[in-house]
Structures are given as structure tokens and as C-alpha cells.
Amino acid sequence: MKISNIRIDRKDGKAFLTVDVSCKFSSSTRLWFCVDEQYASWLSDDVYDAFLVAAIWPAMCYHEDIEIDGPVSESLHFHVKSYLLKLIKDFRPEYRIPELSVGGFKNAIKGNANIVATGFSGGIDSFATIYDRFEKESDPCRRINTLFFFNIGQNGNIHDPSTAIRAKARYDFSNKFATEIGLPYVFVDSNMFEFYKAHWEYEAGPLCRAATILAFQRACCIYYIAASYHSLQIKDFHDFHTFDSFSDSFIYYWLSTDATKIILDGAQYTRPEKTELIKDYPYIKKYLNVCVKTDEGYTDTKNCSCCHKCQRTLIVLDALGITDEFSEVFDLPLYRRNAKKFIAYQQLSAAEDPFIKENLLFAARHGMRIPGYLEARITTILPSLSDRIKKLFNK
């Protein structure tokens, strides 16, 4: 996998940090990160750090070496070569550690922007980071002053036209919040998934996010990654299904550079604890967006109120006794019709899912009645049985 000719291209009011790519596993010959042209000066076109990180997962999967025709940060190169490649190989034994050659070492040039940033999707994790590192943070060197929205795979299949529509709609919705608190909100696009398999957003998510962050080293001093997991949750993942869940608590130090520190924020809380932390933050009652529904053709920005993340969030809000305060962002009648069934489904999955386990423990501590396993099984079977009987009689 050869990467060369880093540059900033401009087209239709957009700026593209671009490299040429030659590899055997994709027909695409360019890899890019894109922002509105007003942010072109934030892009780092003097080092290949972003593209080195982006190349790691596919190169290892497809057994290709990585050849970069230009400089990278020495610290990043050291961490990747000394630690990261071996760790990925241990996690995915079928992958191959690539030969890595670069055209020298150089730290990214810094501009005058001095950005302290985080990604914002409107979920519990990102709201908790905003609350702690913006609303409560008094140190100007650590206080968030910029928000990003990354469209790099988490909004659905990039080959489905509705994905781009859904991503833009979610950005536009969350931008109302950014406007209210007076922060710039930068939409970042990439064609990374022309080189990635669709499910790798969940496998190689840390690499996708870090690569995108490193595209902005010229401007970004600190970037807070909103943690998905409590730091102690790692002991609950007896069988790591994704590299993301395995590496989340430590990988970002390796992917930082002298120019940009990537900091995992919020790992001191479980997600229910984050929900309780921000429950009185007025903006979440208008802009909370936890939904992960990405069905083909689905472009709504409102929480569907029935996907697994909507269910988990609503159960915590219910346990806190504040569900009614979120009528703007959830379909509460839909939830109330299905709440008993949702809790039953959660109980049946708790043994395999640490997120659900912590959810139910939190709800129980706050007085919510949680059904036993047998009751939960009956609760989920009866509706299905009733539907089958109705269909039989209709025939």
C-alpha cells in the first residue's frame, strides 16, 4: 500500500486533504478528508500521520506493506511500530504485521488556531464530555472551544444514498445546540470506507477516529474522545467481539503526537452515571440524540425510541423519574406501550452485554422493578405467540 503526494485540493467550496494511494484491495486511488473551505488552514498537509493511521487496519487485513512517500511524526511512528501493530496482530491472528517505510520524521507545523475539540453526536457520552470539559472546565488551555461531526462510517452504509442524507440531517439538528452554546461545529467527511469493509467502523473505530483527528494537527492541540466504556468495564468483556471495546481505554496515547494530544474523556463514569450527571443540563431535553437506527432509507433525526440505545437510555431516564421531560426527543407513548417488553429484552441479554447489565443494576438501585429471567422470557414470548395466533385465524 503506497501513499504519496499529500496536498490540499479544493472543489465546490470544500477543502480536501488528499493523498494518492496504490493498493491491491481497492480500486480507489485517492484517500481524503474533507471540510468546508473556510477550515482549509486547519488541515495538516506537511505530515502523513492521518494516512498512516488510516492505512494500518486494511494493510494488515490484506497482507500489504505500508510505504509512505513523506514524513510522519517520530513519536507516532514509534508507537505504531513498537506497540500497535503487534497488538492488532495478537487480536486478529490472521492479519499480518506490515513492513513500514516512511520518508523521514517531522512534527506537524502548528498554526494559530489552538483548538481544544471534541466530537459531538448528541449522545449521552458526548454531552457528558461537553458538560465536564466545557461547562465546568475553568482552564482555558483545556476547555473545549470547537466541536466536530465525523461522517466516517457510523451513520450507516456509505454506499446507500440515504446515509449521506441522514448524516447531514443529524449534523444540522445538532448544529442548533452548537449555535446556542456559541461553538463552531465542523462537519468532516472522508472516503476512508472505500478502503474499509463496512463493519470495520466497529472493529477499527479508534483508528478511524484518530486518523481523522490527525488530519487537523495544524490547528488542534487537544481532542477529547468521549469514552463509550467505563474503565473497569473491560473486566466484563470476557469475549472481546471488537478491537474497539478491547483497546478503547489505552490506544489513544499511542495515536497522539507532539502536536495533538488525544485524550479519552468520561471513562470514570458508566453511561447511566453520565445520564444522571447531565440530567439537569437543559440542552439535552432538546438535542439528545442516542438513536442508532440506520435502516436503508431512514433519515429522521428524532430518536426512534425502540432501537437498543433508545431503549437503554429511556429505561435510565425512567428510573430517574424524568422521562416526561424528554417528550421533545423521544416518542414517549411508543415507549410506554413497550416499556415492559423492552425491560424484559434487556434482562434476557444482560449476561452477555455489559452495557445492559450496568443499565439494569442502575435501574434497580433507583427502585425500578426488574423482572426475573423466567418472567422476562414469558413477557417476550406472549406477544409473538399472540401475533402467530392472529395470523392463523386471519388465514
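Setting aside neighbours within four places in sequence, Thr129 is in contact (heavy atoms within 4.5 Å) with Thr118, Phe134, Ile144, Tyr224, Ala226 and Asp265. The model is a predicted one, in which local features need pLDDT of at least 70 and side-chain atom pairs count only at pLDDT 80 or more, while totals for chains, interfaces and linings use all residues. Residues are numbered from 1 along each chain as its sequence is written, and side-chain values use heavy atoms, with hydrogens and water left out.

Thr129 belongs to helix α3, residues 124-135; helices here are DSSP runs of H or I with at least four residues, numbered from the N terminus. With a relative accessible area of 1%, Thr129 is buried, a term meaning under 20% relative accessible area with a 1.4 Å probe and protein chains only.

Helix α3 turns up again around α11, as part of what covers the buried residues of that helix; the cover also includes α9 (271-277), α12 (332-349) and α13 (354-365). Helix α11 itself runs over residues 308-320, and its 13 residues reach 19 Å from first C-alpha to last, close to the 18 Å expected at 1.5 Å a residue; the expected span is 1.5 Å times one less than the number of residues. Most of α11 is covered, with 10 of its 13 residues buried, among them Cys310, Arg312, Leu314 and Leu320. After α11 comes Gly321, with a positive phi near 75°.

Helix α13 contains Pro354, which is buried at a relative accessible area of 8%. Pro354 and Tyr229 are 125 residues apart along the chain, and their C-alpha atoms are separated by 9.4 Å.

Notes. Helices (H or I, at least four residues) and strands (E, at least two) are DSSP runs, numbered from the N terminus. Buried means under 20% relative accessible area, exposed over 50%, partly exposed in between (1.4 Å probe, protein chains only).
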